[in-house]
Structures are given as structure tokens and as C-alpha cells.
Amino acid sequence: TLNTTGFSDMEGNYKIMGLEAGSYKVMAELEDYIPNDKVDVEITAANVTFQDFVLEAETSSIVTEEGN
């Protein structure tokens with residue numbers, strides 16, 4: 001099992017360098033968003049692979065308390 005981490009820029013672009021050819025599970029996470037994963041992302045040797053993610057904001061319940 002290979003675990004590695006990458007980071008995106010302000011536009012969401014990212015690079016993961018040095019992966020060997022094969023099939024990977026890739027996950028995207030951001031605080032206050034629901035994580036999104038893609039299974040079986042195929043990496044081909046000496047090629048660039050593109051994988052887009054769409055993250056949805058988590059919904060939260062806001063509880064307010066009214067006083068007298």
C-alpha cells in the first residue's frame with residue numbers, strides 16, 4: 001500500500017509526482033467539505049493523468065436559542 005499526500009493551489013490544481021504505473025485510489029479532502037474519492041485511477045508510465053474532483057460543502061444544523 002502506497003500512501004502519499006499532495007496539495008492544491010488556489011485554483012485547485014495539484015500534482016502527485018513519482019508514481020509508478022498502475023491503478024490507484026485517489027481521495028480529495030478539504031475542511032468543511034465531504035471527501036471525494038476516485039477508485040481505479042489508471043497511471044501510465046511517462047504520461048500525465050488528469051483526475052478532477054467535485055467537493056460538496058457539508059451541511060450543518062445551526063441551533064439558535066431565544067431568551068426572554
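1. A46 is exposed in this predicted model. Its relative accessibility is 86%, and since exposed means over 50%, the label follows from that value. A46 sits in the loop that runs between β3 (36–43) and β4 (56–57).

2. A46 can also be placed relative to L19. The two residues are separated by 27 positions in sequence, and their C-alpha atoms lie 9.9 Å apart in space.

3. N36 is a buried residue, because its relative accessible area is 16% and buried means under 20%. N36 belongs to strand β3.

4. The largest pocket has a volume of about 1600 Å³. It is lined by 38 residues, and those closest to the pocket centre are Y14, K15, I16, V26 and F53.

5. Which elements give two or more residues to the lining of the largest pocket? They are β1 (22–28) and β3. The largest share comes from β1, with six residues.

6. By residue type, the lining of the largest pocket divides into 20 nonpolar, 13 polar and five charged residues.

Methods:
Residues are numbered from 1 along each chain as its sequence is written. This is a predicted model: local features need pLDDT of at least 70, side-chain atom pairs count only at pLDDT 80 or more; totals for chains, interfaces and linings use all residues. Side-chain values use heavy atoms; hydrogens and water are left out. Helices (H or I, at least four residues) and strands (E, at least two) are DSSP runs, numbered from the N terminus. Buried means under 20% relative accessible area, exposed over 50%, partly exposed in between (1.4 Å probe, protein chains only). On a 1 Å grid over the protein atoms alone, a cavity is a set of points where a 1.4 Å probe fits but cannot get out, and a pocket is an open set with protein on both sides within 12 Å along at least five of seven lines; lining residues have an atom within 4 Å of a point. Grid points are joined across faces, edges and corners, and a volume is the space filled by probe spheres set on the points. Ala, Val, Leu, Ile, Met, Phe, Trp, Tyr, Cys and Pro count as nonpolar, Asp, Glu, Lys and Arg as charged, and the others, Gly among them, as polar.
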